[in-house]
Amino acid sequence: NLHALELHSTTMNELSVLYTAVGKYEEALKVARDGIRIDKSIYEKINDKTRCFLYGNRLNNLATIYLVSKDHKNAMETYETSVTILKQHKDEEPITYSILLGKNYLALGNCYSQVKEKESIAITAYQNGLDYMENANIKTKNALIYDVITSYMIVGDYYKRMSKNDQANRYYSWAMNHSKEMLEKTNDKKYENVIKRLQSIM
């Protein structure tokens, strides 16, 4: 029945996360793909916002396993599928969907930058990711500012890899200024860690 299928899929997804954490990527991919097949079959029968988000999120997890195992082509294709799925219901849960879409697009930027024929569209993916993250942050009254800061750092890192230091420093400077502001307001060590990293690369 449906509940049993969803439970099995969840178990497969959790196993894939555990395998990935210890570097067992082949095992992680196997169980993640097993879970995805179930998620896809449920999504195709019940295309509501809950199953859409779940399927999109599981695709994101699978793509991340491909990415950390250096399979950029499959990672790219899986992130693209996740984006397509998530866009179908994004207006029904704008914050939740914006966060995941933002992360998908930022990861897509990383994939595109590693695939020669896609390199030219990497910055578009990065910018889409930033837009989604910033929109979610506005809707949550700055609750996601740390995620936005790290998103700016991801784009800065891209420009640095491309030896475009002026562009990199613009993104790094934005992240630095907002980290200093948030450290002063919250005294949260994670902002201090961001500042230290930025100081080492700017």
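This is a predicted model: local features need pLDDT of at least 70, side-chain atom pairs count only at pLDDT 80 or more; totals for chains, interfaces and linings use all residues.
Q: How many helices and strands does the chain have?
A: The chain has nine helices and zero strands. Helices (H or I, at least four residues) and strands (E, at least two) are DSSP runs, numbered from the N terminus.

Q: What is the radius of gyration, and what does the globule rule give?
A: The radius of gyration is 18 Å, close to the 17 Å that the globule rule gives for 202 residues, so the chain is as compact as a globular protein of that length. The radius is taken over C-alpha atoms, and the rule is 2.2 Å times the number of residues to the power 0.38. Along the principal axes, the C-alpha atoms fill a box of roughly 55 × 35 × 30 Å.

Q: How much of the chain is buried?
A: Buried residues make up 43% of the 202 residues. Buried means under 20% relative accessible area, exposed over 50%, and partly exposed in between (1.4 Å probe, protein chains only).

Q: Turning to helix 4, which of its residues are buried?
A: The buried residues of helix 4 are H72, A75, M76, T78, Y79, S82, V83, I85 and L86. Their cover includes helix 2 (25–45), helix 3 and helix 5.

Q: What span should helix 4 have, and what is found?
A: At 1.5 Å a residue, the 15 residues of helix 4 should span 21 Å, and the end C-alpha atoms are 21 Å apart, which agrees. The expected span is 1.5 Å times one less than the number of residues.

Q: Which salt bridge joins E77 to another residue?
A: The side chain of E77 meets that of K73 in a salt bridge, at 2.8 Å from N to O. A salt bridge is a side-chain nitrogen of Lys or Arg within 4 Å of a carboxyl oxygen of Asp or Glu. Both residues lie in helix 4, four residues apart, about one turn of the helix. An α-helix has 3.6 residues a turn, so residues three or four places apart point the same way. E77 is partly exposed at 34%, whereas K73 is exposed at 52%.

Q: How many salt bridges are there in the structure?
A: The structure holds 13 salt bridges. One of them joins K49 and E93, with the closest N and O atoms 2.9 Å apart. K49 lies in helix 3 (residues 49–68) and E93 in the loop between helix 4 (72–86) and helix 5 (94–114), so the pair ties together parts that are 44 residues apart in sequence.

Q: Which residues are linked with R51 in a network?
A: E6, D48 and R51 are linked in a network of salt bridges. The R51–D48 pair is 3.2 Å from N to O. R51 is buried at 19%, while D48 is partly exposed at 26%.

Q: And S179, buried or exposed?
A: S179 is buried, at 0% relative accessibility, and belongs to helix 8 (residues 165–186). Its side chain reaches the backbone oxygen of A175 at 2.7 Å.

Q: What does S179 touch?
A: Not counting residues up to four places away in sequence, S179 touches I149, Y191, V194 and I195. Contact means heavy atoms within 4.5 Å.

Note on methods: Residues are numbered from 1 along each chain as its sequence is written. Side-chain values use heavy atoms; hydrogens and water are left out. A polar contact is a pair of N or O atoms within 3.5 Å; within protein, one must be able to donate a hydrogen and the other to accept it, and residues adjacent in sequence count only if both atoms are side-chain atoms.
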